[in-house]
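Work through the exercises below with the sequence and the coordinates open. Try each task before reading its solution.

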Amino acid sequence: MIRIEYLTCVLVATLTPGVVCGEVRRVTLPDQYQSFELRPVTWDRGYFLVMPAEPKSGEPQVFVHRSDGSPLYKLTVPLTGAARVSVHAAAILDADGALVVSTHAWSDAAQPAAMLCFTDGAGRLLKTVRTNPFLAVRLKVAPDGSVWALGWDFEHGAGTSSTEILRHYSAAGELLGAFLPRGQFPRETHPSFNSGEAGSPQLAVTPDTVNLFLPWPRLWIQTDHQGKVLRRVPLAFSKQPDGTLQTAKLLGSAVASGGRVLSWMQGGTAPSGYYTLDSSGTWQPLSFNASRNGRWGLLGIQANSALVRARGDGSDKLVFEWVALDEVLPR
């Protein structure tokens with residue numbers, strides 16, 4: 001069941017397909033997803049992507065929905081000779097819903113392979129490009145159609161110092177560049193792994209910059225498209241009365257026009273809610289979640305709107321809402 005509701009209390013001016021000016025659009029994804037152990041639902045270029053954490057052999061690995069919540073297709077990656085295939089990340093390639101998917105496959109002889117798989121807008125697999133030893137855990141498609149990937153060297157382990165963790169591929173899957181060597185970061189745990197204390201890795205691409213959050217060094221990093229680092233901002237807050245630093249988990253982020261960073265943080269000792277980076281590199285809390293009780297999380301920004309999680313009807317249904325960006329992130 002797909003349910004769409006409209007709330008008329010907030011003005012939304014947006015170019016998002018299907019969103020009506022003067023209304024807040026709410027979308028409820030099908031109930032079936034509540035039976036899955038889900039990785040976070042993602043929003044990418046006009047589509048919802050849902051990936052079950054542990055699909056059984058032969059079951060769909062990515063569910064693609066249009067912006068109104070209606071299903072487009074279910075993707076199962078069939079790789080010849082692979083005994084098992086795991087999907088780690090996916091991103092929308094074009095307006096028709098074509099995908100690039102990062103997969104980790106094992107042969108019957110337990111030989112691993114990392115690949116980028118390219119589909120069309122109906123979920124048909126068009127080609128695969130092997131990326132060994134690099135495995136992407138986050139993917140984003142740039143405005144020019146090229147693909148940016150954040151990940152790790154699965155063959156040589158998390159401690160390898162020479163492996164770059166940020167990769168740039170052409171729309172055809174050709175490697176264009178590799179940036180941010182592993183040796184720049186602490187060696188105990190890979191910087192792109194999830195952290196129970198700092199949150200989850202993030203990747204956002206604008207026409208001029210690549211923005212990423214690395215949980216284990218607790219760093220927000222911005223580069224240009226040639227890999228030059230423009231900013232390195234720690235995930236740090238003001239001191240508490242006892243002198244200790246406040247902490248928080250960064251669980252969602254997006255970059256608005258003009259380079260404004262919007263992030264959702266939860267847990268730790270800093271207040272849960274929405275934050276932005278000011279010009280001095282300080283994370284500043286925003287008042288949006290306090291004034292709009294029942295909204296949390298952040299899936300993305302499109303045009304003049306932000307997509308957030310909304311309170312449902314008392315169930316655990318997946319309900320999302322578009323709100324005016326200026327209400328969340330004032331200019």
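The model is predicted, so local features need pLDDT of at least 70 and side-chain atom pairs count only at pLDDT 80 or more, while totals for chains, interfaces and linings use all residues. Residues are numbered from 1 along each chain as its sequence is written, and side-chain values use heavy atoms, with hydrogens and water left out.

**Exercise 1. Whole chain**

State the secondary structure content and the share of buried residues of the protein.

Solution. Step 1: the protein has two helices and 25 strands. Helices (H or I, at least four residues) and strands (E, at least two) are DSSP runs, numbered from the N terminus. Step 2: 53% of the 331 residues count as buried, where buried means under 20% relative accessible area, exposed over 50% and partly exposed in between (1.4 Å probe, protein chains only).

**Exercise 2. Strand β17**

Find the strands that pair with β17, and determine how its residues are covered.

Solution. Step 1: β17 spans residues 219–224, and six of its six residues are buried. Step 2: Leu219, Ile221 and Thr223 point one way, Trp220, Gln222 and Asp224 the other way. Step 3: two strands pair if DSSP finds at least two bridges between them. β16 (residues 209–214) pairs with β17 in the antiparallel sense over six bridges; Thr209 has Asp224 as its bridge partner. Step 4: β17 also pairs with β18 (residues 229–234), antiparallel, over five bridges, and Thr223 is bridged to Val229. Step 5: the hairpin of β16 and β17 has four residues between the strands, with Arg218 at a positive phi near 55°. In the hairpin of β17 and β18, also with four residues between the strands, Gly227 takes a positive phi near 85°.

**Exercise 3. Leu29**

Is Leu29 buried or exposed?

Solution. Step 1: locate Leu29 in the loop between β2 (24–28) and β3 (42–44). Step 2: Leu29 counts as buried because its relative accessible area is 0%. Step 3: Pro71 is 42 residues from Leu29 in sequence, and their C-alpha atoms are 9.0 Å apart.

**Exercise 4. A pocket lining**

Which residues lie nearest the centre of the second largest pocket?

Solution. Step 1: on a 1 Å grid over the protein atoms alone, a pocket is an open set of points where a 1.4 Å probe fits, with protein on both sides within 12 Å along at least five of seven lines; lining residues have an atom within 4 Å of a point. Step 2: of the 20 lining residues, Pro55, Gln61, Arg84, Val85 and Ser86 lie nearest the centre.
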